Amino acid sequence: MSDRGLVEEDVTVSHTGPKGVINDWRKFKLESMDQEALPPNKRELLKQMSSPHKPKEESLCTSTQKISIQEYELLKEDNEQCLRKYRKQCMQEMHERLSFGPRFNGVHELDSGEAFLEVIEKEHRLTVVVVHIYKVGVKGCEVLDRCLDCLAAEYPSVKFCRISAAVSGAREHFSDNVLPAVLVYKAGEMLGNFLAITQHFTDEFFATDVEAFLAEYGLLPEKELRSGGDNADVE
């Protein structure tokens, strides 16, 4: 997709300005509530709240007054949790609209050399791809796997992958003595090639050690600001 296409798509994502934000928030609240569990009058009120259109002229004053009072009471109910979810969604949409690239969950298993090439060549141009080449039973591979699981949660804009040396299509280049290996790519270009990466760590190493190593080479983006869980708030 061209940059122009991305820009045009972004325009329709959400409203702008205070009125647009309020309407987006109302729509989100309507969609996030269990409609079937609500009494009919409350369900109808939520529908009115989510609509950006003005009521008919003849009932404008009465309808506006009624909705504003009931809306105030409604917004107080479970408002904090819903607002936190809404903020999280807005942050994610903003992240994607600013062309930081897609987001990922966990470490992706690649099952063939073709899948390995595809993730390198076809991933978003702004996405850093970290590939762990492993072999079951080789020292350090299992521990590195667990470390990358942790880092994948901390860096959702980085695509972490793993592939067995046996199915990589380059088995002869990945003998046991060079494993575990970590290859790093961006926009189809190799940024890092670390064979026997565990030689850079102590016998007991953790996700923070792998993180510091990759960050030293400039291979990790800035860590995203987090809400800090359910108890945190956004000013």
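Predicted model: local features only at pLDDT ≥ 70, side-chain atom pairs only at ≥ 80, totals over all residues.
Where does T127 sit in the chain? T127 belongs to the loop between α6, residues 113–122, and β2, residues 128–134. If we set aside the neighbours within four places in sequence, T127 is in contact with P102, F104, S157, K159, Y185, K186 and A187. Two of these partners, A187 and K159, will lead us onward.

Let us take A187. This residue is placed in the loop between β4, residues 181–186, and β5. Apart from neighbours within four places in sequence, A187 is in contact with R125 and T127. Please also look at A187 together with I120: they are 67 residues apart in sequence, yet from C-alpha to C-alpha they are 7.5 Å apart in space.

In general, side chains of opposite charge can pair when their charged atoms come close. How many salt bridges does the structure hold? There are 6 salt bridges. One of them joins K159 to E123, with 3.1 Å between the closest N and O atoms. K159 lies in strand β3, residues 159–164, and E123 in the loop between α6 and β2, so this pair ties together parts that are 36 residues apart in sequence. Both K159 and E123 are buried.

R162, at 17% relative accessibility, counts as buried. D145, also at 17% relative accessibility, counts as buried.

R162 forms a salt bridge with D149 as well, and here the closest N and O atoms are 3.9 Å apart. D149 lies in helix α7 and R162 in strand β3, so the pair ties together parts that are 13 residues apart in sequence. Is D149 buried or partly exposed? At 38% relative accessibility, D149 counts as partly exposed. Through shared partners, salt bridges join E109, D145, D149 and R162 into one network.

From charged side chains I move to nonpolar ones. The largest nonpolar core has 23 residues, and F160 and V210 touch the most other members. At least two residues of this core come from each of β2, α7, β4 and α8. Which of the elements gives the most to this core? That element is α7, with 5 residues. As for F160, residues up to four places away in sequence are not counted, and F160 then touches G106, V107, H108, V130, L148, L151, A152, Y155 and L220. There is also a second, separate core of 21 residues, which includes L110, V131, C161 and A181.

V210 brings us to helix α8, residues 207–216, where A207, V210, E211, F213 and L214 are buried. After the helix comes G218, whose phi is positive, near 70 degrees.

My final topic is the aromatic rings. A pair of aromatic rings is described by the distance of the centres and the angle of the planes. Across the whole structure, a search finds 6 aromatic pairs. F194 and F213 form one that is edge-to-face, with 5.0 Å from centre to centre and 75 degrees between the planes. F194 lies in strand β5 and F213 in helix α8, so the pair ties together parts that are 19 residues apart in sequence. F194 counts as buried because its relative accessibility is 10%. F213 is buried too, with a relative accessible area of 8%. Ring pairs also link F194, F201, F205, F213 and Y217 into a cluster.

Thank you for your attention.

Terms used:
Residues numbered from 1 in each chain as written. Heavy atoms only, no water. Buried < 20%, exposed > 50% of the residue type's maximum accessible area, 1.4 Å probe, protein only. Helix = DSSP H or I, 4+ residues; strand = E, 2+ residues; numbered from the N terminus. Contact = heavy atoms within 4.5 Å. Salt bridge = Lys/Arg side-chain N within 4 Å of Asp/Glu carboxyl O. Core = buried A, V, L, I, M, F, W, Y, C linked by side-chain atoms within 4.5 Å. Phe/Tyr/Trp six-rings, centres within 6.5 Å; stacked < 30°, edge-to-face > 60°.
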